[in-house]
Structure formats: C-alpha cells, structure tokens
Amino acid sequence: NMGEMSALALHTMTELANIHLADADGRLSVVALAERLEASRHTLHKVVTRLVNAGLVDSARGPSGGIRLSQPPGRISILQVIEAVEGRITANGCLFEQRVCPSSASCAFSALTCGMENHIREYFTNTSLVDLINENSLKSKGTSCLCTSGK
C-alpha cells in the first residue's frame, strides 16, 4: 500500500502536469493547490518540499511565484514521484498477515515477492505523468485493468 504522502504527491504532480501541458511556464501556489486537492496545507507543504528536494518541482517565491514541474511531464515517472516522498519501494517480504517462516532465508515465497517488486518498479518506471493523466493510457498500452471499484 502506498501512503497518504504518495497519493498526495501523485495528485500534486498530475495537477502540475496538466498546468504544464497548457502553459509550460504556468505556476500554481501551494495554497491554491491545497484548495483544488482539498488537502491540508501543512501536509501538502511537506510533500512539495520533498518533490523540490528531489528535483521534480521548481519553487519560486513572490507575487508571480508558485510551483511548477522542473521538466516535461513525459520525462517524470510515477516511480520518481513516489520514491521522492516515500523512499525506495520494496516488497515487504511476506505475503501473509502473520509471518509463518522462521526467517526470510527459508521462505518459499521470497522469489515471488522479489519478482513482484521488480514488476512494480518496472511498471512505475515506465509510466510517466503524461501516461497517468492520459485517459487512454491503459488502452494504448494494451493493458486491461482487473480492478473494480468498491470490491
């Protein structure tokens, strides 16, 4: 599961990507962004600080200031966004609620969790912000979503 910070970071970056696609020099204040996302300004400020520190977002103070993407949205992967706020994505190592193996070395599923981590990292690396906001992204990649909301 991704945390609140990742969700807020991805929403922030998709908002900034949409602004960038309309106007490459367009900026948005954190206050305005918090209102758009109905998010806590305090939490959003923490997220934006991490995105700035990761080099994904530029920030400027003053009347014409605000935040914007530091590069085109097609060059920013969702992995970069998530890892900017959460750190490196890794599989937890155990698929079960209660650990049943005496050690991770004796786990029969360690190769499976490692493989899952590799697939997740690859997918997140190869999915850009443009892909994320493009409503035809899954169709154009030939991928169908097996998820259904509310179930």
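Leucine 112 lies in helix 5, residues 110-125 (helices are DSSP runs of H or I with at least four residues, numbered from the N terminus). The model is predicted: local features need pLDDT of at least 70, side-chain atom pairs count only at pLDDT 80 or more, and totals for chains, interfaces and linings use all residues. Residues are numbered from 1 along each chain as its sequence is written, and side-chain values use heavy atoms, with hydrogens and water left out.

Two residues are set side by side below; buried means under 20% relative accessible area, exposed over 50%, and partly exposed in between (1.4 Å probe, protein chains only).

| Residue | Class | Relative accessible area |
|---|---|---|
| Leucine 112 | partly exposed | 44% |
| Serine 6 | buried | 0% |

Serine 6 lies in helix 1. Leaving aside residues up to four places away in sequence, Serine 6 touches Ile82, Val85 and Glu86 (contact means heavy atoms within 4.5 Å). Ile82 and Val85 are among the buried residues of helix 4 (residues 78-86), as are Ile78, Leu79, Val81 and Ala84. Their cover includes helix 1 (4-22), helix 3 (41-53), helix 5 and helix 6 (129-133). Just after helix 4, glycine 87 has a positive phi of about 90°.

The protein chain averages a pLDDT of 84, and 81% of the residues score at least 70 (pLDDT is the predictor's confidence in each residue, from 0 to 100). Among the elements, helix 3 has the highest mean pLDDT (96) and helix 7 (residues 137-140) the lowest (51).

Conventions. Helix = DSSP H or I, 4+ residues; strand = E, 2+ residues; numbered from the N terminus.
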